[in-house]
Amino acid sequence: MLRFRWGWNVNRKPHLRATEIQELEFEGIYDVPTVARYLLATCHANTVYPVTSRTLIGWIRRGLADPALADIPGHDLLVAFEDVISFRVIAALRAAGVSWSRIRKAEEWLRSNTDHPRPFATQQLWTEHSEIFADFGDLLIAASKHGQIAMSLIKEFLIPIHGLQFENEVAARWEPRKHVLLDPRIQFGAPCINGTRIPTRSIWDMIRAGDPQSLVENAYDITSAELTAAVEWEQQVAA
């Protein structure tokens with residue numbers, strides 16, 4: 001089974017159009033092509049449903065993100081960190097073999113019972129390759145079966161999804177590969193070296209400019225492993 005643990009974020013911010021963003025403090029905002037590249041660049045991309053910008057826009061049009069996004073033109077689409085996590089979960093569900101009909105039923109039931117526009121980024125979710133389950137207090141609910149109560153013993157078989165970190169049951173950070181972290185409160189959610197505020201793009205730019213690896217490591221006070229991870233991540237994103 002795959003396991004997805006979340007709580008809902010009561011402090012979420014509404015969607016912003018590209019022309020309306022004035023201040024992004026502490027929240028990651030991403031365009032759709034960037035999200036697609038990030039999902040494909042994760043070190044477990046081979047176990048995640050392959051996505052493109054067109055794929056993600058299709059999911060947005062189906063309402064599988066914040067509903068406020070559904071009618072916004074593609075060139076104006078910007079998504080928040082919670083949307084990125086929702087897409088990560090949906091891709092993992094599809095990779096696990098969960099059908100679109102089950103995903104839609106679960107999304108509709110969870111949204112109506114949590115009153116949150118991004119239920120896949122905010123619930124405690126599991127799957128066993130066909131159904132989608134959610135934790136509601138002491139009960140395990142089959143969200144893809146209109147809230148039927150499930151047997152709690154299936155929790156014995158849960159496998160955590162890679163790289164997601166939580167605070168108070170809310171998805172707060174995503175580590176798509178070792179040493180690389182996306183945190184909406186750090187550098188506006190840009191990929192950084194884990195534990196620092198150093199964007200991986202800054203490291204990659206220096207390496208591409210011809211600076212020796214030792215110089216970059218000393219300049220940013222990072223290890224060789226951290227530099228290698230940053231470079232490999234940016235190469236995958238650019239691929």
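1. A residue counts as buried when its relative accessible area is under 20%. D76 has 15%, so D76 is buried. The model is predicted, and every value below is computed from it.

2. D76 sits in the loop between helix 2 (53-61) and strand 3 (78-80). Its side chain makes a polar contact with the side chain of H75, at 3.4 Å. V32 is 44 residues away along the chain, yet the C-alpha atoms of D76 and V32 are separated by 9.6 Å.

3. Now the overall picture. The chain has seven helices and eleven strands. Of its 239 residues, 50% are buried. Take the contacts between residues at least 6 apart in sequence: 58% of them join residues at least 24 apart. The accessible surface is about 11,500 Å², and carbon and sulfur atoms account for 51% of that surface.

4. Salt bridges come next. The whole structure holds twelve. One of them pairs D83 with R118, with the closest N and O atoms 2.8 Å apart. D83 lies in helix 3 (residues 81-95) and R118 in the loop between helix 4 (100-114) and strand 4 (125-127), so this pair ties together parts that are 35 residues apart in sequence.

5. Are the two partners buried or exposed? D83 is buried, at 1% relative accessible area. R118 is buried too, at 2%. Both belong to a network of salt bridges that links D66, E82, D83 and R118.

6. R201 and D205 form another salt bridge, with the closest N and O atoms 3.1 Å apart. The two are four residues apart in helix 5 (residues 200-208), so about one helical turn separates them. R201 is partly exposed at 45%, and D205 is partly exposed at 33%.

7. R185 and D183 also meet through their side chains in a salt bridge, 3.1 Å from N to O. Here the partners fall in separate classes. R185 is partly exposed, at 35% relative accessibility, whereas D183 is buried, at 6%.

8. R177 is in strand 9 (residues 170-177). This arginine is buried, with a relative accessible area of 12%. What does the side chain of R177 reach? The side chain of R177 reaches the backbone oxygen of A41, at 2.9 Å.

9. Last, helix 7 (residues 224-238). This helix has 15 residues and reaches 21 Å from its first C-alpha to its last, close to the 21 Å expected at 1.5 Å a residue. Its buried residues are E226, L227, A229, A230, V231, W233, E234 and V237.

How values were computed. Residues are numbered from 1 along each chain as its sequence is written. This is a predicted model: local features need pLDDT of at least 70, side-chain atom pairs count only at pLDDT 80 or more; totals for chains, interfaces and linings use all residues. Side-chain values use heavy atoms; hydrogens and water are left out. The expected span of a helix is 1.5 Å times one less than its number of residues. Buried means under 20% relative accessible area, exposed over 50%, partly exposed in between (1.4 Å probe, protein chains only). Contact means heavy atoms within 4.5 Å. Accessible areas come from the Shrake-Rupley method with a 1.4 Å probe; for residues, only the protein chains shown count as cover. A polar contact is a pair of N or O atoms within 3.5 Å; within protein, one must be able to donate a hydrogen and the other to accept it, and residues adjacent in sequence count only if both atoms are side-chain atoms. A salt bridge is a side-chain nitrogen of Lys or Arg within 4 Å of a carboxyl oxygen of Asp or Glu.
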